[in-house]
Amino acid sequence: MPASPNGAAARETVIPMQTANISRSTPSNHRKTWRIWSGACFAVVLLTVFAQLLLALINYATGSQLYSYILLVPFVSAYLLYLRRDRLPTKYGADLPLAIVSLAIGLGVLVLMYWLNIAGQAPAENDRLALLTLSFLCCLMAGGFFLFGRAWMRAAAFPLAYLIFMVPMPDAIAEALETASKYASAEVANLLFHLSGTPFLRVGPVFQLPNITIEVA
């Protein structure tokens, strides 16, 4: 049965439109693939540069009761990023100002660390790892802003911000939190002894009961 002129015209117009769509989408897919592979290569290079630091951080966290959670932080962050994969923008664009700021902060912390070593004022191991880990994260954020842009980084803000828990707390902050926790526990014990009617004497975090001495440590 011969085709109608209208049908032939429709077929003639549809085919060029499909070809045009394919030709328009191909460069976009190439750019997206290029940025993804560039991001992967940047991550590999950054991990290589900071390999010694990361190994020292892993060893430090493995032998610490306080910082053992650091080993889980990258996996939790990656899982949170995987959950938000459908909300991440598919259009990428470089945000050069924020990339430069993040990179400047990361390199500035790194230079400060080496300057303290040269000046003979090297910080303690915990503080040194905290500064170097902060430098690593700032450089990682710089790569994200440069390769994927502000919109993508905003959509992935929570999973990426979770990486801050990789930074060990400086000794001064850890000691302050420990002291606050100790005295808060002492106040709770003091309240419980009063409510129970137990006779006791208290000197700071030390409680003297009739048959035992307890110290909140």
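This note sets out, in numbered points, the main features of a predicted protein model.

1. Basis of the model. The model is predicted: local features need pLDDT of at least 70, side-chain atom pairs count only at pLDDT 80 or more, and totals for chains, interfaces and linings use all residues. Residues are numbered from 1 along each chain as its sequence is written, and side-chain values use heavy atoms, with hydrogens and water left out.

2. Overall architecture. The protein contains eight helices and three strands. Here helices (H or I, at least four residues) and strands (E, at least two) are DSSP runs, numbered from the N terminus. Read from the N terminus, the order of elements is α-α-α-α-α-α-α-α-β-β-β.

3. Burial and surface. Of the 217 residues in the protein, 28% are buried. Buried means under 20% relative accessible area, exposed means over 50%, and partly exposed lies in between (1.4 Å probe, protein chains only). The accessible surface of the protein is about 14,500 Å², and carbon and sulfur atoms account for 69% of it. Accessible areas come from the Shrake-Rupley method with a 1.4 Å probe; for residues, only the protein chains shown count as cover.

4. Contacts along the chain. A contact means heavy atoms within 4.5 Å. Among the contacts in the protein with a separation of 6 or more, 68% are between residues 24 or more positions apart.

5. Salt bridges. How many salt bridges does the protein have? The count comes to three, where a salt bridge is a side-chain nitrogen of Lys or Arg within 4 Å of a carboxyl oxygen of Asp or Glu.

6. D95 and R150. The side chains of R150 and D95 meet in a salt bridge, at 2.6 Å from N to O. R150 lies in helix 6 (residues 149–155) and D95 in the loop between helix 3 and helix 4, so the pair ties together parts that are 55 residues apart in sequence. Is D95 buried or exposed? D95 is buried, because its relative accessible area is 7%; R150, at 43%, is partly exposed. The two side chains are also joined by a polar contact of 2.6 Å. A polar contact is a pair of N or O atoms within 3.5 Å; within protein, one must be able to donate a hydrogen and the other to accept it, and residues adjacent in sequence count only if both atoms are side-chain atoms. Apart from neighbours within four places in sequence, D95 is in contact with F145, F146, G149 and R150.

7. E125 and R128. The side chains of E125 and R128 form a salt bridge with an N to O distance of 3.2 Å. Because they are three residues apart in helix 5, E125 and R128 are separated by about one helical turn. An α-helix has 3.6 residues a turn, so residues three or four places apart point the same way. Both partners are partly exposed: E125 has a relative accessibility of 39%, and R128 has 25%.

8. E187 and R202. In the salt bridge between E187 and R202, the closest N and O atoms are 3.0 Å apart. E187 belongs to helix 8 (residues 171–196) and R202 to strand 1 (residues 201–203), so this pair ties together parts that are 15 residues apart in sequence. E187 is partly exposed at 43% relative accessible area, as is R202 at 28%.

9. Helix 8. At 1.5 Å a residue, the 26 residues of helix 8 should span 38 Å, and its end C-alpha atoms are 37 Å apart, which agrees. The expected span is 1.5 Å times one less than the number of residues in the helix. Which residues of helix 8 are buried? They are A174, A186, A189, N190 and F193. The buried residues of helix 8 pack against strand 1, strand 2 (206–208) and strand 3 (213–215). Just after helix 8, G197 has a positive phi of about 75°.

10. L81. This residue, L81, lies in helix 3 and is partly exposed, at 23% relative accessibility. Leaving aside neighbours within four places in sequence, L81 is in contact with L88, W152, A156 and P159. L81 and F158 are 77 residues apart along the chain, and their C-alpha atoms are separated by 8.3 Å.
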